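Keep the picture open as you read.

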Amino acid sequence: MKKPLSLCLLLAVILFGNLSAQVQHFTWQNVQREYLVRTPANHDGTLPVLFFLHGLGDNITDCDGEFDFGQLAEDFGWAIVVPQALTQGIFGTMWNAGLLSSSIDDAGFLLALLDSLTEQYQLDPDSVFFTGFSMGGFMTYRMAIEHGDRITACAPVSGLISTADATKTPVTPVRILHIHGTNDNIVGYNGISYGSTLGLGVDAILDYWQNANDCNGEFAIDTLPNLKIDGLRFIRYTYNCDTDLQHLKVVGGTHKWYHDADLYDVGYEDVIYEFFTGHIAPSRTPVREKSHIVIYPNPNTGFFNVQLFECDSPNIEIRVFDIYGKLVDVVETMCTSSLQTVQIDLSRHPDGVYFVREQSGAMAKVVVAR
């Protein structure tokens with residue numbers, strides 16, 4: 001009997017066709033390795049490249065379907081490379097990130113793959129970024145420590161520096177963003193899971209990179225928007241260093257990559273993009289996040305319209321928050337029609353990302369850029 005497709009893979013096949021046909025191969029040390037590449041449809045000149053390293057037991061086609069790397073490449077204007085780890089015994093697919101004794105040279109494979117793709121896809125060798133989830137986060141740290149001279153910045157998510165790699169000195173300071181949930185029961189925030197030490201805990205990792213990146217121990221804290229009922233708080237720590245070091249602490253966060261804009265205040269991809277580039281990430285979600293509200297024009301120069309599609313009460317209150325969750329404006333109006341339009345003036349406020357929320361809970365993101 002034919003086994004039915006998982007829902008995730010079925011959706012991926014519907015959206016992207018036969019994903020397996022898009023898997024490419026690269027021979028490294030006499031072993032055929034697999035990978036995917038996603039690029040924007042139209043681009044001029046060289047492309048920044050982001051390597052995404054999957055977690056333990058995962059595979060690149062499932063990741064591609066879940067994360068929609070094709071759309072991410074379009075939105076960010078980057079090439080995205082998704083390499084496949086090899087199977088290692090009972091653990092399934094697993095990167096050699098220092099957790100087990102292994103002869104597999106995954107670091108060499110990733111660099112060789114980068115070199116082989118650079119000319120073919122017009123990759124910019126000065127804009128090479130790595131991120132990874134869980135075991136992919138561990139491997140991202142190995143790449144940063146051993147080959148940071150080839151990498152522009154790294155953003156490990158729910159991964160640690162393995163005990164073996166913690167004894168090494170980075171070849172160079174590396175721009176690092178570490179993302180981790182405080183309630184992660186798979187890769188513990190303190191470095192311990194199931195009673196065993198997996199590697200350095202988050203505090204020790206930050207100490208490690210403060211030393212490597214010549215930091216003075218000072219840091220700034222900002223709390224990202226906390227507008228949705230998701231049980232999470234996203235707190236960003238920015239350290240005072242010669243080479244950038246940040247930590248996104250997800251209070252209440254579990255072993256999960258948060259990226260659903262309908263459910264969570266923060267999407268990891270956008271935070272990573274902002275750290276890598278120093279710019280606010282392009283919005284990757286429809287402006288109309290719920291059926292009650294839409295914003296136009298967006299982006300704008302400080303003046304925009306909020307259109308309400310439904311009225312839960314005759315009196316409407318619209319609140320505007322900045323990216324830190326601070327209330328910056330309140331507009332009260334009467335709802336007189338099913339397509340009520342309200343004008344908002346943020347001309348006295350600085351450029352940036354704001355969140356508009358109607359009292360029913362409908363919310364949308366707006367960008368002010370003059």
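1. One term first: a residue is buried when its relative accessible area is under 20%, exposed when that is over 50%, and partly exposed in between (1.4 Å probe, protein chains only). Ser 134, with 9% relative accessibility, therefore counts as buried. Ser 134 also has a positive phi of about 60° although it is not a glycine.

2. Some ground rules. This is a predicted model, where local features need pLDDT of at least 70 and side-chain atom pairs count only at pLDDT 80 or more, while totals for chains, interfaces and linings use all residues. Residues are numbered from 1 along each chain as its sequence is written, and side-chain values use heavy atoms, leaving out hydrogens and water.

3. The overall picture. The protein chain has seven helices and 19 strands; here helices (H or I, at least four residues) and strands (E, at least two) are DSSP runs, numbered from the N terminus. Of its 370 residues, 51% count as buried.

4. Contacts along the chain. A contact means heavy atoms within 4.5 Å. Looking at contacts in the protein chain between residues at least 6 apart in sequence, 62% join residues at least 24 apart.

5. Now the sheet. Two strands are said to pair if DSSP finds at least two bridges between them. On that basis 10 strands form an open sheet with mixed pairing, in the order E1-E2-E4-E3-E5-E6-E7-E12-E11-E10. Strand E1 (24–28) and strand E10 (215–223) are at the edges with a single partner strand each, so one side of each has no neighbour in the sheet. From one strand to the next, the twist averages 20°.

6. Which way do E1 and E2 run? They run antiparallel, joined by five bridges. His 25 stands opposite Glu 34 in E2. The hairpin of E1 and E2 has two residues between the strands, and Gln 29 there takes a positive phi near 55°. E2 is also antiparallel to E4, with four bridges, and Val 37 has Val 81 in E4 as its bridge partner.

7. For a parallel pair, look at strand E7 (residues 175–181) and strand E12 (residues 245–251), which share six bridges. Gly 181 has Val 250 in E12 as its bridge partner.

8. Helices on the sheet. Helix H2 (residues 60–67) packs on the sheet and touches E2, E3 and E4, its direction making about 10° with that of E2. H5 lies across E3, E5, strand E6 (153–157) and E7, and runs at about 140° to E5. For these angles, axes are lines fitted to C-alpha atoms (for helices, over the stretch in contact), and the angles run from 0 to 180 degrees between N-to-C directions. Ser 134, from point 1, sits in the loop between E5 and H5.

9. What about the interior? A nonpolar core is a set of buried Ala, Val, Leu, Ile, Met, Phe, Trp, Tyr and Cys residues joined through side-chain atoms within 4.5 Å. The largest has 52 residues, and Leu 110, Phe 130 and Trp 209 have the most contacts inside it. Helix H4 (106–120) is among the elements that each supply at least two residues of this core, and H4 gives the most, with eight residues. A second, separate core of 37 residues includes Ala 73, Ile 80, Trp 257 and Tyr 268.

10. Helix H3 (residues 69–76) is worth a stop. Its buried residues are Phe 69, Gly 70, Leu 72, Ala 73 and Phe 76. They cover an arc of only 165° around the axis, which puts them on the same side of H3; the arc is that of the directions from the helix axis to the C-beta atoms. The buried residues of H3 pack against E2, E3, H2, E4 and helix H7 (268–277). After H3 comes Gly 77, with a positive phi near 70°.

11. Backbone details to check. Asp 68, in the loop between H2 and H3, has a positive phi near 55°. The peptide bond from Tyr 296 to Pro 297 is cis, with omega near -15°, and the bond from Asn 298 to Pro 299 is cis too, with omega near 5°. Pro 297 is found in the loop between strand E13 (293–296) and strand E14 (303–308).
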